[in-house]
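Okay, thanks for coming, everyone. I'd like to walk you through one structure today, starting with its salt bridges. Let me put it up on the screen.

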Amino acid sequence: MSEETPPPRPSLATLLRSGATPPPDTPPARDGDVDGGGDAPQPVPPADGATDGEAPALGDAAADSAQDGDGPAQESSSAPSFLQRSPVATASGRRAPRWQWLLLAALALLLAVQVVIADRATLAARPGWRPVVAGLCAVLRCSLPPWHQPTAYTMLQREVRPLPGRPGVLQVQASFRNDARWAQAWPALSLSLSDADGRVIGRRLLQPRDYLGSAHDPAQRLEPGQSAQVAFLLREPSAATVAYAFEFR
């Protein structure tokens, strides 16, 4: 009576390929064990694009997971809630409201007006800035210093002669015109007296109150193109005076 031969047990490699579980009474296969009646274990074929002995590249797996749509979702779900960006907050952060730009422009304009008002005396002395500052002060009702340009006064007529009956006293008469673009205050007159050799023997600087007397009004201005005539007495420093010269200050 012959003994029945048990069926050959499948190898571990065969079970791994087929996905089946080994029977509970089957001992684990050991390296080098080959059943006499079974087929020899076959090597597991490599994955597509991989060579023998090499595992699939990590980038391929990541690409596959990204294509399936699982990668980004898993990353976003695994991040803490306070690190996740809100689409509404991101859109509002990129685009500032229009009222903020309007407020910034209004503040910049207010600052520029304050600078002009604070430094109006210096700016009003410049021909390019004078109309701007004058127009601004007309709206804001601020005071503006008068225009001062002595070179814009033109001497029209002058005369210096001894006063009859009063030795050593000179009578001075002069007329001049304001040729500036804006109204000016009455100028200061510088009168120089010279002898026959051209040497200056006397010089006097006369303020408006000196040659206008009590009739002088400090607020009075000479408008553009307006002429003025003055007359006053001056003591002669020396009898050798033969020449004189006027300057506006």
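This is a predicted model: local features need pLDDT of at least 70, side-chain atom pairs count only at pLDDT 80 or more; totals for chains, interfaces and linings use all residues.

Residues are numbered from 1 along each chain as its sequence is written, and side-chain values use heavy atoms, with hydrogens and water left out.

Let's take Arg177 and Asp179, whose side chains pair up with 2.7 Å from N to O. How accessible are the partners? Arg177 is partly exposed at 27% relative accessible area, and Asp179 is partly exposed at 39%. For those words, buried means under 20% relative accessible area, exposed over 50%, and partly exposed in between, with a 1.4 Å probe and protein chains only.

Next, Glu247 and Arg249 form a salt bridge too, at 3.1 Å from N to O. Glu247 is partly exposed at 42%, and so is Arg249, at 46%.

Then there's a network: Asp195, Asp197 and Arg199 are joined by salt bridges that share partners. Within that group, the closest N and O atoms of Asp195 and Arg199 are 3.1 Å apart. Is Asp195 buried or exposed? Asp195 is buried, at 9% relative accessibility, while Arg199 is exposed at 53%.

**Over to the nonpolar surface**

Which residues make the nonpolar patch? They're Trp99, Leu103 and Leu107, and the patch covers about 340 Å². Patch residues have over 30% relative accessible area and no salt bridge; like charges are joined within 9 Å, and nonpolar side chains (Val, Leu, Ile, Met, Phe, Trp, Tyr) within 5 Å. Trp99 is exposed at 53% relative accessibility and sits in helix 5, residues 98-118.

**The whole chain**

Zooming out, the protein chain has 8 helices and 8 strands; these are DSSP runs numbered from the N terminus, helices being H or I with at least four residues and strands E with at least two. Of its 249 residues, 19% count as buried. The accessible surface is about 18,400 Å², with 56% belonging to carbon and sulfur atoms, using the Shrake-Rupley method with a 1.4 Å probe; for residues, only the protein chains shown count as cover.

Note on methods:
A salt bridge is a side-chain nitrogen of Lys or Arg within 4 Å of a carboxyl oxygen of Asp or Glu.
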